[in-house]
Amino acid sequence: MAPKRPDLDRLLIDSALALFAERTYEGTQMPAVAQHAGVGVGSIYRYFPSKEALGNAAFRYAKRTLLDTLAEALADGGPAGTAREEFARFWRGFTRYASAHPDAFVFLEHQQHDTFLDPESRALADELHRVAADFIERGQHAGAIRDGDAEQLVGLALGAFTGLVKLARPAGGLDALPAEDLDRAEAAVWDLLHRKADR
């Protein structure tokens, strides 16, 4: 048997993400992934013994890359002075990720994964919400973010960003949007979270 190519697993994951974004996980078959990657069907099974194994590998790769991108954005410039500054870093991180990995973002945020995720993937899925909910709770404690369930507020903010990405996708993605539109969208999502001064 020929040895495994060290980069073939990544090629297969990238092909899977492209097809999952286009056809959904449920609508993608293993031979189609192999064809997209330009390899024989037997090659894919040497790396991923089942479609579920491939789906989990693609999910973990996409989610870890998102978490790494957010961590880098949150660390830019040292500690954030205010909740608004920290939110701007979250926004930049999401924007960078969705621009650099549009297929992965669509797969992560526009599709359901309950049918195939294993425990390791589910734990990773929860990590993003923990990071974001921690930000919300700290902002609430500081009086900068409105009261309410932190998970619900995370869902509302992430849903707004996901909707923006979905809207921009047919026109070329976030990179095709004018910077002023992205700035206005950021301000609108912050306005959704921000605790207004009592009038």
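The largest cavity holds about 230 Å³ of space. The model is a predicted one: local features need pLDDT of at least 70, side-chain atom pairs count only at pLDDT 80 or more, and totals for chains, interfaces and linings use all residues. Residues are numbered from 1 along each chain as its sequence is written, and side-chain values use heavy atoms, with hydrogens and water left out.

A cavity is a set of points, on a 1 Å grid over the protein atoms alone, where a 1.4 Å probe fits but cannot get out. Grid points are joined across faces, edges and corners, and a volume is the space filled by probe spheres set on the points. One cavity of 30 Å³ or more was counted. The lining of the largest cavity comprises 15 residues (each with an atom within 4 Å of a point). Nearest its centre lie Phe90, Phe94, Ala132, Ala157 and Leu158. At least two lining residues come from each of α5 (83-100), α7 (119-141), α8 (150-168) and α9 (179-193). Helices are DSSP runs of H or I with at least four residues, numbered from the N terminus. The top contributor is α7, with five residues. By class, the lining has 14 nonpolar residues, one polar and no charged. Here Ala, Val, Leu, Ile, Met, Phe, Trp, Tyr, Cys and Pro count as nonpolar, Asp, Glu, Lys and Arg as charged, and the others, Gly among them, as polar.

The largest pocket has a volume of about 290 Å³. A pocket is an open set of points with protein on both sides within 12 Å along at least five of seven lines. Its lining contains 16 residues, and Phe59, Leu108, Gln111, His113 and Ala125 lie nearest the centre. Two or more of the lining residues come from each of α4 (51-75), α6 (102-109) and α7. Again α7 gives the largest share, five residues. This lining divides into six nonpolar, five polar and five charged residues.

The axes of α5 and α7 come within 10 Å and cross at roughly 160° (lines fitted to C-alpha atoms over the stretch in contact, with angles from 0 to 180 degrees between N-to-C directions). The two helices are therefore roughly antiparallel (an angle over 145 degrees). In the contact (heavy atoms within 4.5 Å), α5 contributes Ala83, Glu86, Phe87, Phe90 and Phe94. From α7 come Leu128, Val131, Ala132, Phe135, Arg138 and Gly139. These residues divide into eight nonpolar, one polar and two charged.

Note on methods. Parallel < 35°, antiparallel > 145°, perpendicular 65-115°, else oblique.
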